[in-house]
Amino acid sequence: MPATQPDKHLWLAEQIFSAFPQDVSGLKFFTLDCGCIYFHRVFRDGLIDPTLSVYRDAKDGPCEMCMCLKEGWEGRLLDECVVYNSGFQMVDG
Ligand SMILES: [Zn+2]
């Protein structure tokens, strides 16, 4: 498991792209101050999945911040980035 945040985005993107190789062309990541990563999938036709998914390291356990403050997560946003399936290999190394 990569430790730094950009590495974690790429690692997570790789897992999702290999799970949905035909459908997902990109991912929009939102990093919160509690360490959770929220993301939307972007489909090949350009539509953004309205479902907000959450990734959190299993070793960190459930996130109390997100359980209590789920509605206001945008206010705790540290960083957002988009990773595209066609280009993410080029970022490596
Ligand atoms: Zn959280």
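The largest nonpolar core consists of seven residues, namely Ala13, Phe17, Leu27, Phe29, Phe39, Val42 and Val83, where a nonpolar core is a set of buried Ala, Val, Leu, Ile, Met, Phe, Trp, Tyr and Cys residues joined through C-beta atoms within 7 Å. Two or more residues of this core come from each of α1 (5-19), β1 (24-32) and β2 (37-43). This is a predicted model, in which local features need pLDDT of at least 70 and side-chain atom pairs count only at pLDDT 80 or more, while totals for chains, interfaces and linings use all residues. Residues are numbered from 1 along each chain as its sequence is written.

**Overall make-up and confidence**

- The secondary structure of the protein comprises three helices and four strands, with helices (H or I, at least four residues) and strands (E, at least two) taken as DSSP runs and numbered from the N terminus.
- Read from the N terminus, the elements follow the pattern α-β-β-β-α-β-α.
- Of the 93 residues in the protein, 12% are buried; a residue is called buried if 20 or more other C-beta atoms lie within 10 Å of its own, exposed if 12 or fewer, and partly exposed in between, with C-beta atoms placed from the backbone.
- Among contacts in the protein between residues at least 6 apart in sequence, 51% join residues at least 24 apart, and two residues are in contact if their C-beta atoms, placed from the backbone, lie within 7 Å.
- The average pLDDT of the protein is 85, and 85% of the residues score at least 70, pLDDT being the predictor's confidence in each residue, from 0 to 100.
- For residues 87-93 the pLDDT is below 50, and this stretch has five contacts in the model beyond near neighbours in sequence.

**The sheet**

- The four strands form an open sheet in the order β3-β2-β1-β4, with antiparallel pairing; two strands are said to pair if DSSP finds at least two bridges between them.
- Because β3 and β4 stand at the edges and each has a single partner strand, one side of each is left without a neighbour in the sheet.
- From one strand to the next the twist averages 25°, based on axes that are lines fitted to C-alpha atoms (for helices over the stretch in contact), with angles that run from 0 to 180 degrees between N-to-C directions.

**How the strands are joined**

- Lys28 belongs to strand β1 and counts as partly exposed, because it has 16 C-beta neighbours inside 10 Å.
- Leaving aside neighbours within four places in sequence, Lys28 is in contact with Phe39, His40, Val42, Ile48, Glu80 and Val82; from Lys28 to Val42 the sequence separation is 14 residues, and the C-alpha to C-alpha distance is 7.2 Å.
- Leu52 sits in the loop between β2 and β3 and is exposed, because 12 other C-beta atoms lie within 10 Å.
- When neighbours within four places in sequence are left aside, Leu52 is in contact with Tyr38 and His40, while the C-alpha atoms of Leu52 and Phe29, which are 23 residues apart along the chain, are separated by 9.9 Å.
- Arg56 lies in the loop between β3 and α2 (64-68) and counts as partly exposed, because it has 16 C-beta neighbours inside 10 Å.
- Not counting residues up to four places away in sequence, Arg56 touches Cys36 and Cys63, and although Arg56 and Ile37 are 19 residues apart in sequence, they are 6.4 Å apart in space, C-alpha to C-alpha.
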